[in-house]
Amino acid sequence: MTSPTPFAGTPTFRATTRDATLALARRDLLRFVRQPARLAGTLGQPLLFWLVLGAGLSPSFDAGTFAGGGMTYTEYFYPGMLAMMVLFASVFSTITLIEDRDQGFLQGVMAAPVSRLSIVMGKVLGGTMVAMIQASILLLAIPFMGFHIGPGSVVMIVVTLAVLSVACTGFGFLVAWSMESTAGFHGVMMLVMMPLWFLSSALFPLESAPAILKGVMYVNPFTWAMILLRAPFYGGPLECFADTRYLTALGITAGVVLLILWGGVRRVKRREKGLPLARG
Amino acid sequence: MIRIRGLSYVYALGRSREGRTALDGLDLDIAAGTMTILAGPNGSGKSTLFRLLSGLALPSRGSVEIGGFDLFAAPAQARALLGVVFQSPALDRHLSVEENLSLHGALFGLRGRVLRDRIRESLSWSGLTDRLPDRVGTLSGGLARQVELAKALMSAPSVLLLDEPTTGLDPAARRSFLEQLARLKREREMTILMTSHVFSEAENADRVAILSQGRLLAHDTPAALCGRLGRNVLVVNTPSEERARALLPSVAERLGHSCVLCGSEIRLELGRDEPPVPLIDAVLDSFRDEITGVAVREPTLDDVFVHLTGAGPGTSPFVPKPQMDLAS
């Protein structure tokens, strides 16, 4: 038996979770840059919603007591539109997982000596970066929307969008991992995402919703993410962190994000296993 | 280098508690620095074994050691020794050749200068060094396969696993790919385990392992396997597979031998010391106008495979009624 000496005795390497995560995320970013149609698609839909709904509903919109009232619907809907963009961009970035499995790329990654955590985190980080690039384009409109917010609030908005994107990408990952076709993934995600978004106070204030809807909205985690996202538009960091409702939303959102990521890692760690043999 | 003991895998069939056995207590040793071809008919367990060896699935029972590491107890250490070329492409068509290799290298912890050097080394045997910036989607099937192999080499593996890597390649690309494999084995003393349906690919292997119904039927050198059969083979050539299929029952009945369809050929094993001339005469008497030739030759690995598994590639043997044995 001879001892193998590949590449003149170079040692065998293994990637750290961080390196593997960054490598996989970078790939998603490269793919995104090379597919400009994706940018147009994910930016176009929320913008269209915002313009059409904003123009149509502004005359009849009454914010009630929300944020002191007296705002236009386009202003109210702006954070909701940001959330919608992040939701769609994040969730649909995970559709590549199904393509990767169909086209064989995923098995190459699964056979590499990388931790399963890095496979989840690579996809989540990649999807989040892609969503945040798109969100940044929409965030440039803040000064033109009549919002007068400081840098602290801008940072809070960006961080909240990133957290929201992590949750949405993680959720998309969980669903995509079990899906066999992109068409099925589209169907399931639209069925889940649209109600989540409609009933999240993105479209209308929680306070003015009928009692029965209000109950549903309170159990919708996206509602709490919207509270986190909307708050910095109307107050600085100090005011936000002094608000019990904001802190509650922060706790719930963090919990949901951790739960989703834990579910993703657990799902990926589960390997196909042969049935146990009968004894004897 | 690879030590497989009592490896079994049972697939679940729907919700039933019963399953289908794909591997049944397989024992196999692959020595370091050798090239082994794993052959077997469809459903013999080759793909299942490949999935287990590449760490994509866990067995029902049994163990696999790669370079001394237990693949199922210490998967990361064992997988770090492996380079894997899957049957289906595992490249990102949207990325360039360099980006694909770079990504794969990064998954093995390579970066900076080591990564750049490794990309160059991994492609040094191929003609692709000037195609690094090209997107994989623009490459031909043969070139994409070379990138697959280069990708597997990025980690400087001690063991190279290849699952029918020449599928879909034209004969020239196939020959070139196999030559590169032989060179890699020779120059880098790599241990290579490759599944294949094409027996001409096994002629230059050190060992051939034949699987059927999840069990190892034979594992030896190609010469020893052919020698083990020890009987010559009568081959009746026909113009097409359809014609061969139509003639198979008549030929078997006329010659009183069990015959096997292999493409446009009908083959039968001669008995030990059986003179072939009466059989050739019988074929020519009865089927002269329907065949393109008849010949006797020494057994090949293809014949060994047919003998051991009872089937040609994608076919079943045709066994005639015993009273028609003209050869006796």
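Helix 5, helix 7 and helix 12 (244-269) of chain A, together with helix 1 (46-53) of chain B, each give at least two residues to the lining of the largest pocket. Helices here (H or I, at least four residues) and strands (E, at least two) are DSSP runs, numbered from the N terminus. This is a predicted model, in which local features need pLDDT of at least 70 and side-chain atom pairs count only at pLDDT 80 or more, while totals for chains, interfaces and linings use all residues. Residues are numbered from 1 along each chain as its sequence is written, chains are lettered from A in the order in which they are written, and side-chain values use heavy atoms, with hydrogens and water left out.

**The largest pocket**
- About 640 Å³ of space lies in this pocket, and of its 23 lining residues the closest to the centre are A:R101, A:Q107, A:E272, B:R51 and B:L56.
- On a 1 Å grid over the protein atoms alone, a pocket is an open set of points with protein on both sides within 12 Å along at least five of seven lines, a cavity is a set where a 1.4 Å probe fits but cannot get out, and lining residues have an atom within 4 Å of a point.
- Grid points are joined across faces, edges and corners, and a volume is the space filled by probe spheres set on the points.
- The pocket lining divides into 7 nonpolar, 7 polar and 9 charged residues, where Ala, Val, Leu, Ile, Met, Phe, Trp, Tyr, Cys and Pro count as nonpolar, Asp, Glu, Lys and Arg as charged, and the others, Gly among them, as polar.

**Cavities**
- The count comes to 5 cavities of 30 Å³ or more, and the largest cavity has a volume of about 110 Å³.
- Helix 1 (17-33), helix 4 (95-103), helix 5 (105-110) and helix 6 (116-139) of chain A are the elements that give two or more residues to the lining of the largest cavity.
- The lining of the largest cavity has 7 nonpolar, 1 polar and 4 charged residues.

**Chain A as a whole**
- Chain A has 12 helices and 1 strand, and its C-alpha atoms fill a box of roughly 85 × 50 × 35 Å, taken along the principal axes.

**Helix pairs in chain A**
- The axes of helix 7 (residues 151-178) and helix 10 (residues 221-234) of chain A come within 8 Å and cross at roughly 165°, where axes are lines fitted to C-alpha atoms, for helices over the stretch in contact, and angles run from 0 to 180 degrees between N-to-C directions.
- Helix 7 and helix 10 of chain A are therefore roughly antiparallel (angles under 35 degrees count as roughly parallel, over 145 as roughly antiparallel, 65 to 115 as roughly perpendicular and the rest as oblique).
- The contact of helix 7 with helix 10 of chain A has 11 nonpolar, 2 polar and no charged residues.
- The axes of helix 6 and helix 12 of chain A also come within 8 Å, but cross at roughly 130°, which makes helix 6 of chain A oblique to helix 12 of chain A.
- By class, the contact of helix 6 with helix 12 of chain A has 7 nonpolar, 1 polar and 2 charged residues.

**A helix pair in chain B**
- The axes of helix 3 (residues 97-107) and helix 4 (residues 112-123) of chain B come within 10 Å and cross at roughly 115°.
- In their contact (heavy atoms within 4.5 Å), B:V97, B:E98, B:L101, B:S102, B:G105 and B:A106 in helix 3 of chain B meet B:L115, B:I119 and B:L123 in helix 4 of chain B.
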